[in-house]
Amino acid sequence: KKQLRVESISFGSEFFAMKQCCEYLRGLRYKIRLMSISCEEPVYIEGDIQSVLANTTILDLTLKTKNQSIAYHFVREGVARDEWRTEYAKTNDNEANILTKQLPSSEKRKDFVRNILHHIFRSFSKET
């Protein structure tokens, strides 16, 4: 998701982006339950900043700014309630990086493009 905030360190901006993602997920789960569809399984959130992912499971963390503290407690609450789980995805294996980072022209880049096109056409064929 596009980050609308500017932080001096990537930890704060990544945590804020994760909070926005979790707010969106909580809203989607609520809408799904309103349609009488059961959604008891947790959602998996993948990220490539290990410090952010590790801190979602630490019970006691001291943060310097209030907005980081609010983001931490919101994400941590969802992890504790088992609404979502966080896990690490290597930067080179993250398919979202082809849209945000410059990758060298190689077989890995071709695999990324192939996977993205597969997901697009698979979702398109389900709709028609």
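**Reading contacts, rings and cysteines**

Modeller: Let us begin with one side chain. Not counting residues up to four places away in sequence, K19 touches I70, A71, F74 and V75. Please bear in mind that this is a predicted model.

Colleague: In which helix does K19 lie, and does K19 count as buried or exposed?

Modeller: K19 lies in helix α1. The general idea is that a residue is called buried under 20% relative accessible area. K19 counts as buried because its relative accessibility is 13%. Its side chain makes a polar contact of 2.8 Å with the side chain of E23.

Colleague: Over the face of which ring does K19 lie?

Modeller: K19 lies over the face of F74, at 6.0 Å from the ring centre. F74 is also among the residues that K19 touches.

Colleague: Before we proceed to the rings, how should I describe the overall arrangement? How many helices and strands does the protein have?

Modeller: The secondary structure comes to 5 helices and 2 strands, and along the sequence they follow the pattern α-β-α-α-β-α-α. Of the 128 residues in the protein, 30% are buried. Among contacts with a separation of 6 or more, 57% are between residues 24 or more positions apart.

Colleague: Which residues have the most contacts inside the largest nonpolar core?

Modeller: The general idea is to join buried nonpolar residues through side-chain atoms within 4.5 Å. Here the largest such core has 15 residues, and those with the most contacts inside it are F15, M18, C22, V75 and W84. At least two residues of this core come from each of α1 (10-34), α2 (50-55) and α3. Leaving aside neighbours within four places in sequence, C22 is in contact with I45, F74, V75 and W84.

Colleague: How many aromatic pairs does the structure hold?

Modeller: The structure holds 2 aromatic pairs. To classify such a pair, one reads the angle between the ring planes: under 30 degrees is stacked, over 60 is edge-to-face, and the rest are tilted. The rings of F15 and Y72 have their planes at 70° and their centres 6.0 Å apart, so this pair is edge-to-face. The pair links distant parts of the chain, with F15 in helix α1 and Y72 in helix α3, 57 residues apart. Both F15 and Y72 are buried.

Colleague: What are the distance and the angle for the pair of F74 and W84?

Modeller: F74 and W84 form a tilted pair, with 6.1 Å from centre to centre and 35° between the planes. This pair also links distant parts of the chain: F74 is in helix α3 and W84 is in strand β2, 10 residues apart. F74 is buried, and so is W84.

Colleague: Which residues is V79 in contact with, leaving aside its neighbours within four places in sequence?

Modeller: Those residues are T56 and W84. V79 is found in helix α3 and is buried, with a relative accessible area of 18%. Sequence separation and distance in space should be read together: V79 and T56 are 23 residues apart in sequence, and their C-alpha atoms are 7.2 Å apart.

Colleague: Let us turn to a charged residue. Where is E83 found, and is E83 buried or exposed?

Modeller: E83 is found in the loop between α3 (66-80) and β2 (84-88). E83 is buried, because its relative accessible area is 11%. For such a residue, one asks which polar partners its side chain has. The E83 side chain makes a polar contact with the side chain of R26 at 2.6 Å, and another with the side chain of R81 at 3.3 Å. Leaving aside neighbours within four places in sequence, E83 is in contact with R26, R29, P42, V43 and G78.

Colleague: Finally, how many disulfides does a search of the whole structure find?

Modeller: The search finds 0 disulfides. The reasoning rests on a cut-off of 2.5 Å between cysteine sulfur atoms. For C21, the nearest cysteine sulfur is that of C22, 5.3 Å away, and C21 is in no disulfide.

Colleague: Why does C21 count as partly exposed, and why does C39 count as buried?

Modeller: C21 counts as partly exposed because its relative accessibility is 28%. C39 counts as buried because its relative accessibility is 14%.

Technical notes. Residues numbered from 1 in each chain as written. Predicted model: local features only at pLDDT ≥ 70, side-chain atom pairs only at ≥ 80, totals over all residues. Heavy atoms only, no water. Buried < 20%, exposed > 50% of the residue type's maximum accessible area, 1.4 Å probe, protein only. Helix = DSSP H or I, 4+ residues; strand = E, 2+ residues; numbered from the N terminus. Polar contact = N/O pair within 3.5 Å; in protein donor to acceptor, adjacent residues only side chain to side chain. Contact = heavy atoms within 4.5 Å. Phe/Tyr/Trp six-rings, centres within 6.5 Å; stacked < 30°, edge-to-face > 60°. Lys NZ or Arg CZ within 6 Å of the ring centre and 35° of its normal.
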